[in-house]
There are 2 protein chains.
Amino acid sequence: MTRSWWGWGDTAHALTDDECRGLGAALPDPPADPLPIPRVEDLDLRAPRIAPPVSLAHLCSTHAADRAAHTHGKAYRDVIRALHGDLEHPPDVVARPATEQDVVDLLTWAGEQHAAVVPYGGGSSVVGGVEYRGDEHPAAISLDLTQMDRVLEVDETSQSARIEAGALGPRLEEQLKPHGLTLRHFPQSFEFSTLGGWLATRAGGHFATVETHIDDLTESIRAVTPSGVIDSWRLPASGAGPSPDRLLLGSEGTLGVITEAWMRVRPRPTERASASVRFTHFHAGLAAVRTIAQSGLRPSNCRLLDPGEAMYSGAGDGTTSVLVLGFESAGVPVDERLAHAVALATDAGGVPDRPREANSEPSAADTWRDAFLRMPYLRDGLARMSALVETFETAIVWNHADALYDAAQRDLRAAIEEICGAPPILNCRLTHVYADGAAPYFTVIAPGRRGDELRMWDEIKVAAGELLAAHGASITHHHAVGRDHRPWYDRQRPEPFAAALRAVKRELDPQGILNPGVLIDQA
Amino acid sequence: MTRSWWGWGDTAHALTDDECRGLGAALPDPPADPLPIPRVEDLDLRAPRIAPPVSLAHLCSTHAADRAAHTHGKAYRDVIRALHGDLEHPPDVVARPATEQDVVDLLTWAGEQHAAVVPYGGGSSVVGGVEYRGDEHPAAISLDLTQMDRVLEVDETSQSARIEAGALGPRLEEQLKPHGLTLRHFPQSFEFSTLGGWLATRAGGHFATVETHIDDLTESIRAVTPSGVIDSWRLPASGAGPSPDRLLLGSEGTLGVITEAWMRVRPRPTERASASVRFTHFHAGLAAVRTIAQSGLRPSNCRLLDPGEAMYSGAGDGTTSVLVLGFESAGVPVDERLAHAVALATDAGGVPDRPREANSEPSAADTWRDAFLRMPYLRDGLARMSALVETFETAIVWNHADALYDAAQRDLRAAIEEICGAPPILNCRLTHVYADGAAPYFTVIAPGRRGDELRMWDEIKVAAGELLAAHGASITHHHAVGRDHRPWYDRQRPEPFAAALRAVKRELDPQGILNPGVLIDQA
């Protein structure tokens with residue numbers, strides 16, 4: 001597999017120019033041709049401003065291809081900038097530690113140089129989390145952890161595994177499989193994101209209810225900070241002071257470099273059942289999902305797609321909202337729970353789809369999942385046609401969820417049309433649900449003007465961020481804060497907590513070299 | 001109801017002298033009479049060293065009864081010291097704020113005086129959490145929150161309630177009841193502990209699996225710190241940086257005074273089912289509980305009592321271990337889940353008790369629960385007979401649980417016999433279970449020598465703490481750290497995390513007036 005330096009995932013899955021034109025046909029007067037993909041050798045990258053010492057040279061690369069691939073994350077604005085050849089802040093060095101001692105040595109060297117260090121897992125950040133943009137450091141080092149990708153220990157009795165932070169999703173699962181175990185954490189970025197990245201960003205995963213965030217699957221964490229190694233005890237639970245792990249979860253590389261963790265794993269599911277239910281009105285679907293989330297049935301999948309999202313993903317015809325329900329278990333039958341959940345959805349006005357025969361056409365659930373995994377490649381294809389295509393997500397208590405959805409469809413849609421001069425596609429689905437609220441996920445597709453895509457998207461992003469803040473909704477449920485969410489995160493986190501976080505950063509990273517600009521400013 | 005100033009709970013439930021003698025009969029040569037209960041007016045309390053300003057006088061008391069009742073928590077060592085009239089460190093003032101502004105004003109005053117402030121909820125700490133023992137402050141103020149006990153808002157749609165921190169368990173539930181809602185957090189101290197106390201100590205509650213710690217029931221927290229008010233947004237979940245709430249959860253009054261919180265509540269259960277299963281060998285019971293905890297069945301009660309604990313609580317005859325299983329739900333049938341759990345326990349070698357007829361004798365579960373709630377009063381009665389009677393609890397991964405239990409029954413039992421000159425009662429139960437481990441809870445009863453009880457228990461406590469540390473078990477699952485657990489907590493928490501916590505304390509409590517000596521030292 002060849003990783004794309006400019007866009008999502010595997011170059012083999014990138015859309016061809018003709019496929020891009022085909023997608024573009026859906027846009028009002030699209031450009032005739034997709035943006036060409038710049039050749040790395042044509043990029044005018046700033047020359048590296050530091051050279052690694054001999055002792056670390058074997059871990060470091062200054063090749064243009066490495067530096068280009070580590071310049072951005074994978075947000076729309078990253079892809080667009082790459083396509084326009086705009087790589088303003090490439091790292092000077094890409095370092096690939098193979099051991100914790102390598103991490104320690106690299107941090108020591110960076111400290112001596114006062115170089116910024118950006119911990120880098122799969123590079124799938126969509127919030128500017130891996131791109132150092134400052135100028136108060138003489139150089140920037142991208143610390144790529146993917147060489148540290150082993151499952152080091154498996155405790156089958158405790159259903160726990162000690163895993164290096166640089167393991168990409170598939171690599172991690174392939175090592176657990178011989179033990180009959182799985183982490184069951186499958187974010188959309190699964191193939192191209194790492195355990196360390198999931199922990200540092202509080203990723204949301206596979207389960208639609210209960211244990212959705214990686215936080216809940218974490219038994220203990222080990223991290224290297226410039227002030228020493230943090231290594232918490234393996235404990236199923238503890239009441240001994242604030243949780244050390246919870247300080248690292250969501251720290252986004254600003255406090256330390258997560259090198260490994262004991263994670264809670266589980267047997268691979270043997271029982272599965274799924275169904276889909278359709279709703280004429282999205283709000284009826286919301287009410288149904290709320291009832292199910294509050295029922296204690298704990299479905300593993302409980303995704304509500306609004307009509308546009310359902311159509312867009314092939315799970316519906318655009319006239320109805322679709323609720324995709326799934327239950328899974330290792331050993332305990334799930335059919336009764338599914339039946340109960342479907343009954344609750346029906347009581348709320350839903351119409352269940354007829355259960356499929358074996359070998360019949362794929363279900364709404366299957367169709368949606370395929371589209372889900374294909375989506376980032378389509379996003380890149382649309383971006384090459386200068387469309388604006390991006391997502392934003394949030395979490396909000398049930399009591400305000402209907403109002404947020406309505407405001408998005410009314411005010412945000414209007415704002416986007418104003419910016420783009422044409423009505424956008426603005427779809428929504430619930431990715432995760434809780435007893436007290438839900439995580440709505442919005443997809444925006446709108447025609448852009450070539451060369452002006454970035455400014456246009458940034459205007460939309462501001463409108464979206466303001467919408468969320470006005471409704472008391474989180475700036476992010478699982479995409480993290482990075483640099484792009486700072487204006488709204490700075491409003492969301494309590495000021496004394498920000499002061500506390502800065503105090504922690506001063507203590508653990510006194511030189512302020514770890515991912516500067518993310519979450520908080522050194523002060 | 002009259003609260004006992006020296007012992008547990010309601011004076012009406014305290015044992016009579018004759019009842020104490022009756023209990024004492026079970027001890028090898030017990031004293032003829034129980035320790036008398038000192039009269040408050042006979043206590044030689046240090047005179048108050050500080051007087052509240054006129055503006056705060058209406059919130060403050062310097063009465064001996066108030067000061068005596070706020071001098072200690074409710075640990076065995078607290079009760080023994082009170083019975084011997086040893087109240088070395090009484091607070092100079094007991095302050096009872098009625099509003100958040102009162103809390104702000106009291107902290108301001110305390111800051112001006114550089115007086116230590118000990119946040120005080122129900123006063124049920126068993127780890128020296130509410131007793132300021134230092135001398136670096138000219139005075140100590142016990143900040144009793146119990147006047148702030150209202151449910152301020154209920155969001156029935158989101159199944160959340162905004163509750164003042166000083167609400168004792170029954171007060172909180174009685175205000176939720178008209179809404180058909182409940183927090184379902186029932187620690188043993190339920191009647192005499194507060195929401196704020198539960199949050200500050202990361203209390204473990206009603207549910208034996210999954211959502212056991214108060215942490216999981218918390219939507220947002222509001223706290224007053226000397227550096228300002230922390231108020232997190234109401235969110236069902238968030239991926240925006242480390243959780244502000246998780247910094248306050250377990251902070252034990254060292255970072256701020258929790259004034260209110262939005263808590264996740266739920267409908268009162270309508271479906272209930274319970275059963276008990278007996279095991280010849282405790283380790284077979286452990287294996288059964290592990291299988292159930294890893295099954296995803298999520299029982300609300302899953303308590304394994306070893307033979308001694310079962311006999312002691314009337315749930316068994318001392319020859320077998322007893323597993324008490326319970327399921328509950330609002331609306332979803334639970335019988336199938338119970339049957340499945342009982343089947344798993346049977347596969348592991350357990351023998352289910354015959355289901356009871358209606359109106360038959362109480363079940364092992366009922367019997368155990370009654371003893372559970374009566375226990376603290378019996379503890380006080382035994383203490384008055386100069387017995388050593390105390391508990392310690394922990395959490396440990398399954399892989400090390402059997403070894404910990406065996407070591408306790410072998411080495412700790414021997415150590416206690418050495419200290420007391422007679423074999424102790426040393427019982428164990430699992431209070432909470434997780435997929436990756438369990439929370440064993442030990443009860444120690446041994447004959448003490450009058451006047452020497454404290455030193456003897458402290459020796460046992462050291463042996464117990466060392467046992468836990470040697471097995472990588474937490475110094476506490478839900479009793480918190482306070483002052484008494486510091487030696488082992490200081491080993492458990494990673495050193496850089498302790499440095500981070502000190503940095504946070506310097507930031508939020510620059511004068512170091514909040515509960516000094518708990519968790520960390522100012523530095």
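Buried area is the accessible area (1.4 Å probe) that two parts lose on being put together, summed over both. I start my notebook with that term, then turn to the model itself.

**Ground rules.** I am reading a predicted model, where local features need pLDDT of at least 70, side-chain atom pairs count only at pLDDT 80 or more, and totals for chains, interfaces and linings use all residues. Residues are numbered from 1 along each chain as its sequence is written, chains are lettered from A in the order in which they are written, and side-chain values use heavy atoms, with hydrogens and water left out.

**Domains of chain A.** I looked up how chain A is divided and found domain 1 (11–144), domain 2 (157–267) and domain 3 (271–470); the bounds come from an automatic or database domain assignment. The centres of domain 2 and domain 3 of chain A, taken over C-alpha atoms, lie 27 Å apart. Their contact (heavy atoms within 4.5 Å) draws on 13 residues of domain 2 and 20 residues of domain 3 in chain A.

**Where domain 2 meets domain 3.** I noted a buried area of about 1300 Å² between these two domains of chain A, with 47% of it from carbon and sulfur atoms. On the domain 2 side, Q188(A), A208(A) and T209(A) lose the most area to domain 3, together 47% of what that side buries. I then counted 1 salt bridge between the two domains, a salt bridge being a side-chain nitrogen of Lys or Arg within 4 Å of a carboxyl oxygen of Asp or Glu. I also found that R184(A) and E328(A) meet in a salt bridge, at 2.6 Å from N to O.

**Chain B against chain A.** Next I looked up the two chains: 81 residues of chain B are in contact with 81 residues of chain A. The area buried between them is about 6300 Å², and carbon and sulfur atoms give 61% of that. I counted 4 salt bridges between chain B and chain A. R506(B) and E507(A) pair up in a salt bridge too, with 3.1 Å from N to O.

**Cysteines.** How many disulfides does the structure hold over all chains? I found 0, taking a disulfide as a pair of cysteine sulfur atoms within 2.5 Å. C428(B) is in no disulfide, and its nearest cysteine sulfur, that of C302(B), is 13 Å away.
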